[in-house]
Amino acid sequence: MSSRNVDGRSASEQIVPGTPNSNYDLFLKKQPAGGKDVAKTFPDRQIDNNINAIALPNEMWLKIFANLSYGDLLQVHLVCKHWRQLSRAELKRKGKLVITSQNLEDICILVEYENLKYENVEIRDEIDDKLVEFSNAQHALLLRVFNYLGKDIVRVKLFKLSTLFLLNNLLPKLRDMDLSSLRYDRGVWVNLNKFSNLKSLLMPYNKLSACQLSWTIVASNQLSLAHLEKLDIGVSDSVAYSLDVIVMCASSLHWLKLRLGTHAYLALKSKLIETFQKLTRLKVLDIGCTAMEAKRTILENIPKESRLRAIMLGSDGVDDDLLELIGRKWSTSLKCLHLKSNKITRNTVKQLNFLNGNLRSLQLSWNCPPPRDLLPSIVPKVNKTLTEIELFGTYLCGDSFCAVAERLPNLKKLGLNFSFLAWRMIVDYNLHLKRMCEEMCSVFQHLTRLRHLAVILPCDQNNINYLCSQPNISNLKRLKTLKSCLFPIKTLQILNLKFTFKELIKLQLNSCQKNEKLSGLELVDISKYFPALEELRIVNFDCDHNAIQGARNSFPRLRRLQIVKIN
């Protein structure tokens, strides 16, 4: 798979006005000296070109801006000087400052002239996935930057342990530390006790780095982890110290993501049992990429006093006995369940139905075709609690959402991620295609509270005609994210509907036909439906340069554009 952003930035990067990695001016007008409260710095009424803004106290504007998305704040920032000053602090709080070897000197100059405050900072010591060593001069610049910024930072992502060692004494409020991309740094020793407010730690995915950091933490008995609430950690037969890290924070841990290999489970089974018996306050458990026997051992040994609210199980499948164990121990507390089953049986459906009364979020994946009445059996009656459903696997050939759409009045998130390769070859392909279109129309008719929708319709022209005669996607006025092919949007064009998705900020367009083209003119035509769009991802379309330019020019609030080819 290849992926690129047309603006050359990382898909995770947010751009903040007034910083060297933005498209805005590098230097904004200097704020009043003295560090006064921004709410008291400006008048309560702003008059511009004889047009009066709503007369609200600045405290009210600040509360309004605090509820806006990052993209909305970017627009607020451009309205006038008054709003720019008021929204500045919230914009910095929700944004992320990315420091690289290329922009470090500019940022150092900027912090000396601007009263900058950031809560989220990433120090990217790499270019195109290649590690870049900061020089001694750049380390000095980094120290100068963090002498200004460090006191406000609560989240940081680092790529080298030596950078953390350099900043050890400059991050007094740090709560979240992301070391997942950490590279091996020979001979570096860090003391996490310096971060007394640390609540979340993402350990390295690199085995050498994970072993180095785990050994450092355990060998020096770093007691700051005794207050840790969230931990993402990998355990392998070469990184056994990771279990000791879990034990150190067992009394406070609420959220645990465990990456456990089969060989590590067999080698460390007894120690694994002892470790999980100490997790008495766990609420969220995510077990990734491990054997079913290991999952069973872990779930059996978590004490009952751990009232698990969310369980996410990895890619090696779940059997009916394991599902029964989950129901027996946590049926009253469980709100979120994500699992993959190699084969969904009648007993699987029975167990899911038993759990379903309290679940708010259900994610199901399967390899073999499930029972035809899977969804009606899971949701046999009106369910006002379930707000999220995501399904991954082969297409459901029987009655599915036509039967259950009316039973889920409060559904906010729906993902139908089906593979159609298997049933493209069957004789009644057109019948199944028509049935799926009927199901989508029932979604458009009944699930009007949806905020997030992912669905791909492999339609042809006949199905387009059918969709135009039925309830369409314009009923989903509250959508914030949409993953779809072009057909539901083309329906709006054919019907010439004067409609816009006023809140939709993320759109992914997937091709559902081989070598399907997407022209710049088509992007211009559909842009009128998405005036608030901030992120656009185009998958498996044949796009030319004009299409890319069309996307950039047609969506006035677009911040991120990705063109993706999946081979």
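In which loop is Asn 540 found, and between which two strands does that loop lie?

A: Asn 540 is in the loop that runs from strand E23 (535–539) to strand E24 (542–543). Strands (E, at least two residues) and helices (H or I, at least four) are DSSP runs, numbered from the N terminus. The model is a predicted one, in which local features need pLDDT of at least 70 and side-chain atom pairs count only at pLDDT 80 or more, while totals for chains, interfaces and linings use all residues. Residues are numbered from 1 along each chain as its sequence is written, and side-chain values use heavy atoms, with hydrogens and water left out.

The backbone of Asn 540 has a phi near 65°, which is positive although the residue is not glycine. Most residues other than glycine have a negative phi. With a relative accessible area of 28%, Asn 540 counts as partly exposed; that class lies between buried (under 20%) and exposed (over 50%), for a 1.4 Å probe and protein chains only.

A positive phi, near 55°, is also found at Asn 496. That residue sits in the loop between helix H17 (487–494) and strand E21 (506–510), and its relative accessible area of 49% makes it partly exposed.

Ser 200, in strand E10 (residues 200–202), is buried, at 8% relative accessibility. Apart from neighbours within four places in sequence, Ser 200 is in contact (heavy atoms within 4.5 Å) with Arg 175, Asp 176, Met 177, Leu 228 and Lys 230.

Elsewhere, helix H1 (residues 58–66) packs against helix H3 (residues 81–94) at an angle of about 40°, their axes being 10 Å apart. Axes are lines fitted to C-alpha atoms, for helices over the stretch in contact, and angles run from 0 to 180 degrees between N-to-C directions. H1 and H3 are therefore oblique to each other, the class left over once angles under 35 degrees (roughly parallel), over 145 (roughly antiparallel) and 65 to 115 (roughly perpendicular) are set aside. From H1, Asn 58, Trp 61, Leu 62, Phe 65 and Ala 66 meet residues of H3 that include His 82, Trp 83, Leu 86 and Glu 90.

As for the whole, the protein has 19 helices and 25 strands. Buried residues account for 52% of its 567 residues. Of the contacts between residues at least 6 apart in sequence, 73% join residues at least 24 apart.
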